[in-house]
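Subject: Structure for you to look at

Hello,

Here is the structure I said I would pass on. My notes on it follow below.

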Amino acid sequence: MTLIELFTDYVRNRKDLREYVEKRKNIDTRGVFNDATLIQAQNDLERLKQEDAEVYELMYETLEKYYEQDTGYTYEYPINFIREILKIYQNNIPAKEVYRGYVDGLNHPGCAA
């Protein structure tokens, strides 16, 4: 399994990204995110689930819609999903606003893959 396939599995299946950080240490390839960012993303996912479970579920539903729509950027989908999650707490953007922007990306193939 390649690093991006492993990352995709962890993101899509809502696995703990802290475990992914440990697993990827055995793969001689660099990822997009450093360890600290991935741990922060996992913490942010847990926080979002606790603070706004509806948006948490909607974000994952939208991720799956990106896969269903499949504009050919499948490697970008989990990466962009994590970037969107990080925006909520790192940039102090309301979760619903981030969600709306993420959904809007579905209407712009190739732009917000």
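Which residues of α3 are buried? They are L38, A41, Q42, D44, L45 and L48, where buried means under 20% relative accessible area, exposed over 50% and partly exposed in between, with a 1.4 Å probe and protein chains only. These residues lie on the same side of α3, because they cover an arc of only 165 degrees around the axis, the arc being that of the directions from the helix axis to the C-beta atoms. An α-helix has 3.6 residues a turn, so residues three or four places apart point the same way.

Before the rest, some notes on the source. This is a predicted model, in which local features need pLDDT of at least 70 and side-chain atom pairs count only at pLDDT 80 or more, while totals for chains, interfaces and linings use all residues. Residues are numbered from 1 along each chain as its sequence is written, and side-chain values use heavy atoms, with hydrogens and water left out.

Helix α3 spans residues 35-51; helices here are DSSP runs (H or I, at least four residues), numbered from the N terminus. From first C-alpha to last, the 17 residues of α3 reach 24 Å, close to the 24 Å expected at 1.5 Å a residue (the expected span is 1.5 Å times one less than the number of residues). The face turned away from the buried side of α3 carries the exposed residues A36, Q50 and E51. The cover over the buried residues of α3 includes α1, α2 (17-23), α4, α5 (76-90) and α6 (95-104), with contact meaning heavy atoms within 4.5 Å.

Two of those helices also pack on each other: α1 (residues 3-12) and α4 (residues 53-69) meet at an angle of about 135 degrees, with their axes 11 Å apart. Axes are lines fitted to C-alpha atoms, for helices over the stretch in contact, and angles run from 0 to 180 degrees between N-to-C directions. The pair is therefore oblique, a term for angles that are not under 35 degrees (roughly parallel), over 145 (roughly antiparallel) or 65 to 115 (roughly perpendicular). T8, V11 and R12 of α1 make the contact with Y60, L63, E64 and Y67 of α4.

Between α3 and α4 there is a loop that holds D52. D52 is buried, at 18% relative accessible area. Leaving out residues up to four places away in sequence, D52 touches A95 and K96.

Regards

Notes. Helices (H or I, at least four residues) and strands (E, at least two) are DSSP runs, numbered from the N terminus.
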